[in-house]
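The sequence and structure come first.

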Amino acid sequence: MAAPDFRLHNTLTRKIESFSPEDGKTVRIYSCGPTVYKPAHLGNFRTFMFEDLLRRVIALRGWKIFQVMNLTDVDDKIIKSASERGISISEVTTPITKIFHADRAFLRIEDAELYPKATDHIPEMIAIVERLVERKLAYLADDGTVYFAIDKFKGYGKLSRLDTREVKAGARVLQDDYSKENAQDFALWKAAKPEDEASGAAWDSPWGRGRPGWHLECSAMAMKYLGETLDIHCGGIDLIFPHHEDEIAQSEGATGKPFSRFWCHGEFLLTDGSKMAKRLGNVATVQDLRDQGVPAAAFRHFVFSTHYRKQLNMSSDALEASIEGVRRLADFAARLAEAKAATPELEKIAEETDAEVTAALFDDLNAPIALGALFTFVRRANAELDRNGVDKRALEKAREVFARINSVLDVVPEAAGPDPELARWVEDRLTARKEARAQRDFARADSIRAEIEGRGVAIEDSPQGTKWKKLR
RNA sequence: GGCGCCGUGGCCAAGUGGUAAGGCGGCAGACUGCAAAUCUGCUAUUCGUCAGUUCGAUUCUGACCGGCGCCUCCA
């Protein structure tokens with residue numbers, strides 16, 4: 001079988017290109033992770049879910065994966081928070097990191113292979129700065145800060161395609177730092193201030209006490225764990241500039257090799273038509289989702305219903321539609337599990353679906369198309385199951401395909417956990433209702449049903465008897 | 001000002017130079033004692049507006065209108 005083509009959009013070229021791992025086996029990915037000073041919001045998680053989708057599609061394609069996601073545990077906001085509260089930066093970041101992993105687990109985002117922390121890689125960062133200084137791409141300014149000299153690196157701007165000469169009128173005004181040679185030079189290593197020392201955010205370096213600049217950690221950790229040229233580097237679209245542009249400059253400046261073969265960026269999640277951002281105060285978190293009883297599967301459905309490179313506006317209507325859609329998938333999953341056999345036609349339908357979904361996912365992660373095909377499959381398969389076939393192989397095929405698709409999208413809600421007390425009660429009430437129905441006392445039967453539904457249980461009569469399920 | 005994205009039915013959202021996937025919702029029917037679930041049918045002569053290219057454009061080009069993002073805190 002010829003290996004299927006796997007295509008991905010590359011920000012470097014702004015084109016969809018054929019992708020395969022450098023070594024033919026393992027895809028080495030670096031994803032920019034969260035800054036752990038506050039719980040990540042759903043916008044952040046949209047990006048992490050896009051990366052999760054990428055992982056799972058890569059696995060579906062048959063490649064191994066080694067993904068590194070950093071945890072930024074030293075930066076201005078962390079230091080500010082620590083010094084305001086009179087604690088160390090690790091006292092700020094440790095609990096937030098815990099929340100991050102719990103939220104991630106709730107959203108069914110698979111574990112990356114590694115979650116390195118910036119503060120564990122200070123020597124590696126210093127080594128990069130030393131190389132850059134040696135190569136004259138970086139300089140020590142009067143204020144003790146080491147800057148990267150962007151005009152010494154000829155590829156600067158190639159990712160973001162920003163013309164470095166043509167700066168603004170309408171853009172935010174630069175806060176000119178007199179020590180810099182060029183206003184756009186960025187800090188590699190910042191001289192320590194008293195609050196840095198107080199909060200444990202300062203280290204020894206050849207340039208005195210200080211701390212790393214924002215971009216440096218990613219270059220250091222990516223290259224340490226994935227080599228000097230990565231297969232894929234991904235993150236949110238806002239990281240293209242300056243973060244990723246600067247990562248390229250410092251990494252390639254230090255090694256002379258391409259830093260990453262592919263750059264992939266996920267679009268924003270909007271709320272009320274504008275970017276979800278902590279400073280705009282329109283953020284929603286995983287906790288909000290939980291409080292509103294939105295299942296993880298529904299949020300995944302919602303996110304995957306739009307292509308990852310397109311902005312997605314979050315609204316309660318859209319979320320509600322996803323909750324319903326995903327409920328349908330859960331019912332179908334249960335039906336597939338309970339079925340004994342199906343019509344032979346189901347096998348062909350499953351095969352068609354499999355091919356369609358795979359093709360969509362391998363074409364720049366087109367999850368919306370994959371979801372559409374999945375729902376078409378559910379409808380067609382339900383129709384076949386209604387016909388009570390006897391073909392066991394067809395049923396097996398349908399199960400296999402459904403499981404494979406769900407292994408990527410992961411959009412089937414978990415069944416409610418067992419509740420023996422509730423089960424006993426419902427079964428008891430159902431017996432009473434059955435008696436009433438047998439006596440054609442429908443008023444009584446209906447009042448029992450209302451009673452059962454009052455406890456959040458839905459019942460469905462069928463020729464095989466009455467089934468019930470806990471809602472949400 | 002520079003760079004870029006988007007505008008498809010009530011809501012969400014795919015898509016192609018040849019005549020509009022899918023989901024939610026709604027309507028009708030089948031099934032049911034009635035429901036629920038499921039199935040079936042219907043629900044955009046039309047894809048922001050106006051021009052142009054073309055035998056033919058929602059899909060290409062241009063202008064305009066509207067929304068959003070980036071231009072060193074940012075997923």
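Helices (H or I, at least four residues) and strands (E, at least two) are DSSP runs, numbered from the N terminus. Axes are lines fitted to C-alpha atoms, for helices over the stretch in contact, and angles run from 0 to 180 degrees between N-to-C directions. This is a predicted model, in which local features need pLDDT of at least 70, side-chain atom pairs count only at pLDDT 80 or more, and totals for chains, interfaces and linings use all residues. Residues are numbered from 1 along each chain as its sequence is written, chains are lettered from A and ligands numbered from 1 in the order in which they are written, and side-chain values use heavy atoms, without hydrogens and water.

Helices H4 and H6 pack with their axes 9 Å apart, at an angle of about 105°. They are therefore roughly perpendicular (65 to 115 degrees) to each other. Residues in contact (heavy atoms within 4.5 Å) include Ile-128 of H4 and Met-223 of H6.

An open sheet has four strands in the order S5-S6-S7-S8, with antiparallel pairing; two strands pair if DSSP finds at least two bridges between them. S5 and S8 are the edge strands, each pairing on one side only. From one strand to the next, the twist averages 20°. S7 and S8 run antiparallel and are joined by three bridges. Ala-191 stands opposite Gly-210 in S8. Helix H7 lies across S6 and S7, at about 80° to S7.

| Element | Residues |
|---|---|
| Helix H4 | residues 122-134 |
| Helix H6 | residues 216-226 |
| Helix H7 | residues 240-255 |
| Strand S7 | residues 186-191 |

Methods. Angles under 35 degrees count as roughly parallel, over 145 as roughly antiparallel, 65 to 115 as roughly perpendicular and the rest as oblique.
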